[in-house]
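Please read each group of points with the structure in view.

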2 protein chains.
Amino acid sequence: MTTPLDLDQLQSFCAIADCGSFTEAARRVNKTQSAVSMQIKRLEERLGQALLSRDGRTVALTEYGDALYARARRMLRINAEIMDVFSDGDLKGSIRFGVPDDYAVRLLPVILSSFQRTHPKIVVDVRCQPSEELLDGMKKGRYDLIVFTQGTNHEYGEMFRTERMFWVASHGGQALATEPLPIAGGLHCCWKENAVEVLNRIGRDYRIAYTSSNAMAIASAVLTDLAVGFLPESALQPGMRVIAEDKDLPRLRDAEIAIMRASHAYGGIYDALASHIVASMGNLDGKDSLPMAAE
Amino acid sequence: MTTPLDLDQLQSFCAIADCGSFTEAARRVNKTQSAVSMQIKRLEERLGQALLSRDGRTVALTEYGDALYARARRMLRINAEIMDVFSDGDLKGSIRFGVPDDYAVRLLPVILSSFQRTHPKIVVDVRCQPSEELLDGMKKGRYDLIVFTQGTNHEYGEMFRTERMFWVASHGGQALATEPLPIAGGLHCCWKENAVEVLNRIGRDYRIAYTSSNAMAIASAVLTDLAVGFLPESALQPGMRVIAEDKDLPRLRDAEIAIMRASHAYGGIYDALASHIVASMGNLDGKDSLPMAAE
DNA sequence: TCCCGATCATCAAATTTCGTGATGGAGAAG
DNA sequence: CTTCTCCATCACGAAATTTGATGATCGGGA
């Protein structure tokens, strides 16, 4: 036989990878910094490879660390799933949960209702805001757990889904042919940056015709032919026309959806919600995105 | 936080589920029987549910045990995968590996060559035989690890793939229209049973026209219109015509492909090969595979 | 029916493992 | 240059686990 790895070590390892710090990770897993340090030491000894490169201030994953991370995450997800199955609805408490409003409309109702069914005693207090504001609110301690779009903001979070971004216009509308191109998007929307960058690259003139932090407002701006918008796949609505990529406008970068938690929001009800969300809408789950054996 | 489960306990748990015995499981995981017993006790305490029902002689999974087994197996698979990635070809030894010859033809070469690439120091000694004989050879200690088709033989193994079974005939042949229906199959082929049963059910007369333990021979019997055969999806060959189900012949039961190991063949190189096979050709990976409580 | 063999649970002792708090060194910021 | 933060390390003590022995239970064979 060979004794299996220690999930506790892997949890610490993932925590470090997520937040880039031993000290912070230690807080998250309720241990002292030295305990975490030794766990990693043992893990590295066990696997015979350096997993984390400590260059002075910053802690980063090595190639091997990368390969491990993806798999460790999968294991921890399953672990959370098990704990979830066995906590027969006896979990209770409340969670202050934030989500960008474009997701709220479509995906959220089904996800939360099925969660409510399995965890009737957990009250989920939902607030919808743009990602930027969610992150801000998180910093101020107003959320326990948020789903947000990892954009330019270099915030760490556990990524669990990528989403195609599309340029959309109304059916039969003129907006696309207008010069300069009228575009619509959230003011702080982290996708705007990519959209603008893409437009600059192809030298297309544009103007921001409409801005709102409310996704519904953007959608209606598009539907009424006020402007061309850029939306994630799951926010597309009937009546919208997706603009073929490379035809008029180049393809946008995929959006990366991640979960972020307050430092106290680990384990118990928080894991239950997080794993439920990941299981329901995660899409990069299956195999690991990347690396096989390193070099 | 909440400390994750102990993979070591889960390993013992799965071992028990696989072989239906604490004592035997203890041997497999290199522990004493009492250690295993206490591990399960702790695991059950931790999850707050009975996982194994001990009715006198027999040990069986409870409903909760069932739910756990599938997930624990997934975790252990990932664990093996990790160990595999990190054992940089420093694993060495030889494995006596058996596989039914119908699989050997198509899938085996690619699987084994990629295995050879990542584990150059492991010598895989392949022998091809029908499942029945593989099981027999396993009992006699002639194999370390086999892939076989779980049929009527109530042998426990870790199932990792199901395969559609098809009735096949040659293109433009007469065999299908012949009365009684001439069929071809391995003598001890565990699928034959199902095929015959299906024919009896619809009252179709048949005769066994051709029998051989060599899959190639069966295939050529079909191709030369000597008989109608029944083959797994991955043994289909160009020139064969799949008979639409429910038209002339009812659908066959899916074949269940499983891995079985000798009692010493756990850990190290054996895990490496087993996890490679499962990763390469497993198809019921994602969600749970079935637990195989052996009575 | 009675005994034997095998199986699983339990116990206390021994051992191993693990976490803690303190300490030290190294790098970054002021 | 000093100070702060961060990670590694150490020795000690606590906790968890394994062990070997023992007991209880169940089936099979005589």
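In this predicted model, 21 residues lie around DNA strand C, and the nearest of them are A:R42, B:T23, B:S34, B:S37 and B:R54. Of the atoms of DNA strand C that come within 4 Å of the protein, 55% belong to sugar and phosphate.

**Contacts with DNA strand C**

- The side chain of B:T23 places a polar atom 2.5 Å from a phosphate oxygen of DNA strand C.
- The side chain of B:R54 has an N or O atom 2.7 Å from a phosphate oxygen of DNA strand C.
- Helix 3 of chain A, together with helix 2 (22-28) and helix 3 of chain B, are the elements that give two or more residues to the surface near DNA strand C.
- The surface near DNA strand C comprises five nonpolar, nine polar and seven charged residues.

**Contacts with DNA strand D**

- DNA strand D is surrounded by 21 residues, of which A:T23, A:S37, A:R54, B:T32 and B:R57 are the closest.
- Sugar and phosphate make up 58% of the atoms of DNA strand D that come within 4 Å of the protein.
- An N or O atom in the side chain of A:R54 is 2.6 Å from a phosphate oxygen of DNA strand D.
- For B:T32, the distance from a polar side-chain atom to a phosphate oxygen of DNA strand D is 2.9 Å.
- For B:R42, an N or O atom of the side chain is 3.1 Å from a phosphate oxygen of DNA strand D.
- At least two residues of the surface near DNA strand D come from each of helix 2 (22-28) of chain A, helix 3 (33-47) of chain A and helix 3 (33-47) of chain B.
- The surface near DNA strand D is made up of five nonpolar, nine polar and seven charged residues.

- An unreviewed UniProt entry assigns the annotation "domain: HTH lysR-type" to residues 5-62 of chain A.
- Residues 5-62 of chain A are 60% helix and 14% strand, and the end C-alpha atoms of this span lie 19 Å apart.
- Helix 1 of chain A (residues 7-19) has 13 residues; at 1.5 Å a residue it should span 18 Å, which agrees with the 18 Å between its end C-alpha atoms.
- Helix 1 of chain A is largely enclosed by the rest of the structure, because twelve of its 13 residues are buried.
- Among the buried residues of this helix are A:L7, A:L10, A:F13, A:I16 and A:C19.
- At the start of helix 1 of chain A, the backbone nitrogen of A:D8 has a side-chain oxygen of A:D6 within 2.8 Å.
- After helix 1 of chain A comes A:G20, which has a positive phi, near 65°.

**Strand 10 of chain B**

- Five of the five residues of strand 10 (residues 228-232) of chain B are buried.
- In a regular strand, side chains alternate between the two faces of the sheet.
- One side of strand 10 of chain B carries B:V228, B:F230 and B:P232, the other carries B:G229 and B:L231, and both faces are covered.
- Strand 7 (residues 165-170) of chain B runs antiparallel to strand 10 of chain B and is joined to it by four bridges; B:V168 stands opposite B:G229.
- Strand 8 (residues 181-185) of chain B runs parallel to strand 10 of chain B, with two bridges between them; B:I183 has B:V228 as its bridge partner.

Note on methods:
Residues are numbered from 1 along each chain as its sequence is written. Chains are lettered from A and ligands numbered from 1 in the order in which they are written. This is a predicted model: local features need pLDDT of at least 70, side-chain atom pairs count only at pLDDT 80 or more; totals for chains, interfaces and linings use all residues. Side-chain values use heavy atoms; hydrogens and water are left out. UniProt positions are given in the numbering used here, feature names are shortened, and annotations may be inferred rather than shown by experiment. A residue is near a molecule or strand if one of its heavy atoms lies within 4 Å of it. A polar contact is a pair of N or O atoms within 3.5 Å; within protein, one must be able to donate a hydrogen and the other to accept it, and residues adjacent in sequence count only if both atoms are side-chain atoms. Ala, Val, Leu, Ile, Met, Phe, Trp, Tyr, Cys and Pro count as nonpolar, Asp, Glu, Lys and Arg as charged, and the others, Gly among them, as polar. The expected span of a helix is 1.5 Å times one less than its number of residues. Buried means under 20% relative accessible area, exposed over 50%, partly exposed in between (1.4 Å probe, protein chains only). Two strands pair if DSSP finds at least two bridges between them.
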